[in-house]
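Reader: Hi! I have a model open here and would like to talk it through with you. Could you help me find my way around?

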Amino acid sequence: MKLSKAWRLGSLNMKDMHQILPQHHRHRGQLKKPTWIIALISLVCVFLVVAYVYPPQTSSACYIFSASGCQTLSSWLPPSVRELSDDEIASRVVIDNILNTPPMVSKNPKIAFMFLSVGSLPFEKLWDKFFQGNEGRFSIYIHASRDKPVHSSSYFVNREIRSGKVEWGTVSMVEAEKRLLANALKDPDNQHFVLLSDSCVPLHDFDYVYNYLMFTNISFIDSFSDPGPHGSGRYSEHMLPEVEKKFFRKGAQWFTMKRQHALIVMADSLYYTKFRDYCKPGMDGINCYADEHYLPTFFHMHDPNGIANWSVTHVDWSERKWHPKSYEKKDVSEQLLKNITSITESVHVTSEERAETTIMPCMWNGMNRPCYLFARKFLPETLDVMIDLFSNYTTKA
């Protein structure tokens with residue numbers, strides 16, 4: 001048998017040998033390819049490990065990892081899940097249950113108009129004109145922090161709630177908001193809640209406002225990211241671990257919110273306490289104002305898709321001062337009011353030295369609609385002009 005095999009091998013001619021040898025060389029080449037791939041992957045892995053342990057510090061080297069600055073590979077990895085405290089678990093359970101519970105159906109749904117004032121409302125006669133003929137579709141609540149109001153409209157008589165002292169820029173502003181919400185929530189027919197100041201005026205007739213608010217499932221709460229000194233620059237690490245800086249938001253105080261959102265605000269004590277204790281003027285050399293940050297941050301964390309991210313109350317910040325523009329009698333005209341009611345885009349400007357402007361369309365149930373239902377700050381001297389113009393500038397639903 002061995003001789004037979006040897007004979008057959010020996011009987012191969014040179015042509016046969018040439019046919020065999022290339023196959024042998026091809027097998028050797030195929031073996032080399034995986035080796036080079038493994039070696040290349042190993043080199044890349046070594047490079048990445050070194051970069052992780054010793055992150056590059058030059059701007060050109062950092063750009064390889066991130067155009068926004070020098071970061072380690074930890075920024076590529078999914079964030080670690082933090083273990084929640086007992087208070088956080090309890091808070092989230094309550095909030096999630098309220099949000100997931102179907103809204104209570106009312107046979108007579110109303111809007112609660114909540115006025116935050118120091119005393120009498122200078123535009124009470126204008127609001128009287130706004131409410132006329134719509135009895136049973138609204139409720140009124142007045143938080144007068146200094147003087148007992150003197151009323152000129154029967155709609156406002158005996159609508160004051162037990163009020164507390166309010167100081168601008170302090171958490172007492174938020175306390176007043178919660179006090180108004182608590183009183184308005186006692187009426188089960190109140191389905192939407194509107195916070196207004198004593199300088200606010202209506203921009204549309206009642207039907208338009210009612211339909212705008214009642215026939216959408218979102219709340220109009222202003223919330224945006226401002227990396228500048230008057231935004232996240234006001235954040236305090238004392239708010240950790242419950243409130244992280246990446247969630248910190250800014251927005252206008254003046255909101256409208258649906259009943260479920262009003263309920264979770266009343267149910268919250270954990271996050272409110274963080275802002276009460278660590279977001280206040282002069283703390284650690286920073287001026288933080290809870291009324292501009294608490295609700296925008298709270299809703300961004302717990303129901304970001306349930307808010308519009310803009311306020312339906314217009315205010316003019318074009319003068320770039322600490323307070324918005326105040327409208328005097330000489331400023332008010334039908335054209336001014338029509339200009340405001342025709343705005344269909346919301347504008348946010350950051351507080352950085354090189355301020356960035358973000359413009360987004362005001363979407364209502366998937367349609368681009370006018371943004372504003374109310375406006376401020378109108379001085380008391382404009383009352384008579386506003387009453388004269390009311391029927392001309394308000395829009396029918």
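This is a predicted model: local features need pLDDT of at least 70, side-chain atom pairs count only at pLDDT 80 or more; totals for chains, interfaces and linings use all residues.

Reader: What is Cys-371 joined to?
Author: A disulfide links Cys-371 with Cys-362, with 1.9 Å from S to S. Cys-362 is buried too, and its relative accessible area is 0%.

Reader: Which hand does the disulfide of Cys-362 and Cys-371 have, and why?
Author: That disulfide is right-handed, because the torsion about its S-S bond is about 95 degrees.

Reader: How many disulfides does the structure hold?
Author: There are two disulfides. The Cys-279 and Cys-288 link is left-handed, with -80 degrees about the S-S bond. Both Cys-279 and Cys-288 are buried.

Reader: And what is the pairing if I number the bonded cysteines in sequence order?
Author: In that order, the pairing in the protein chain reads 1-2, 3-4.

Reader: What about Cys-200, is that buried or exposed?
Author: Cys-200 is buried, because its relative accessible area is 1% and the cut-off for buried is under 20%.

Reader: Let's zoom out. How many helices and strands are in the protein chain?
Author: The protein chain has twelve helices and 13 strands. Of its 397 residues, 43% are buried. If you take contacts between residues at least 6 apart in sequence, 78% of them join residues at least 24 apart.

Reader: How much accessible surface does the protein chain have?
Author: About 22,100 Å², with 56% of that belonging to carbon and sulfur atoms.

Reader: Now the inside. Which residues touch the most other members of the largest nonpolar core?
Author: Those are Phe-113, Trp-127 and Phe-131, in a core of 50 residues. The elements giving two or more residues to this core include β1 (110–117), α5 (124–131) and α7 (206–214). The biggest contribution is from α7, which gives seven residues.

Reader: Which residues does Phe-131 touch, leaving out those up to four places away in sequence?
Author: With those left out, Phe-131 touches Phe-113, Phe-138, Ile-140, Tyr-155, Phe-156 and Phe-206. There is also a second, separate core of 40 residues, with Leu-270, Ala-290, Phe-298 and Ile-307 among them.

Reader: Switching to pockets: what volume does the second largest pocket have?
Author: Its volume is about 370 Å³. The lining of the second largest pocket has 19 residues, and those nearest its centre are Pro-103, Met-104, Gln-191, Lys-258 and Arg-259. Elements that give two or more residues to this lining are β3, α7 and α8 (259–267). Of these, α8 gives the most, with three residues.

Reader: One last spot. Where does Ile-286 lie?
Author: Ile-286 lies in the loop between α9 (270–278) and α10 (290–302). Ile-286 counts as partly exposed, because its relative accessibility is 27%.

Reader: And which residues does Ile-286 touch, again not counting those up to four places away in sequence?
Author: Ile-286 touches Gly-233, Arg-234, Tyr-235, Lys-280 and Pro-281. Ile-286 is also 9.1 Å from Pro-229, C-alpha to C-alpha, although the two are 57 residues apart in sequence.

Technical notes: Residues are numbered from 1 along each chain as its sequence is written. Side-chain values use heavy atoms; hydrogens and water are left out. A disulfide is a pair of cysteine sulfur atoms within 2.5 Å. Buried means under 20% relative accessible area, exposed over 50%, partly exposed in between (1.4 Å probe, protein chains only). Helices (H or I, at least four residues) and strands (E, at least two) are DSSP runs, numbered from the N terminus. Contact means heavy atoms within 4.5 Å. Accessible areas come from the Shrake-Rupley method with a 1.4 Å probe; for residues, only the protein chains shown count as cover. A nonpolar core is a set of buried Ala, Val, Leu, Ile, Met, Phe, Trp, Tyr and Cys residues joined through side-chain atoms within 4.5 Å. On a 1 Å grid over the protein atoms alone, a cavity is a set of points where a 1.4 Å probe fits but cannot get out, and a pocket is an open set with protein on both sides within 12 Å along at least five of seven lines; lining residues have an atom within 4 Å of a point. Grid points are joined across faces, edges and corners, and a volume is the space filled by probe spheres set on the points.
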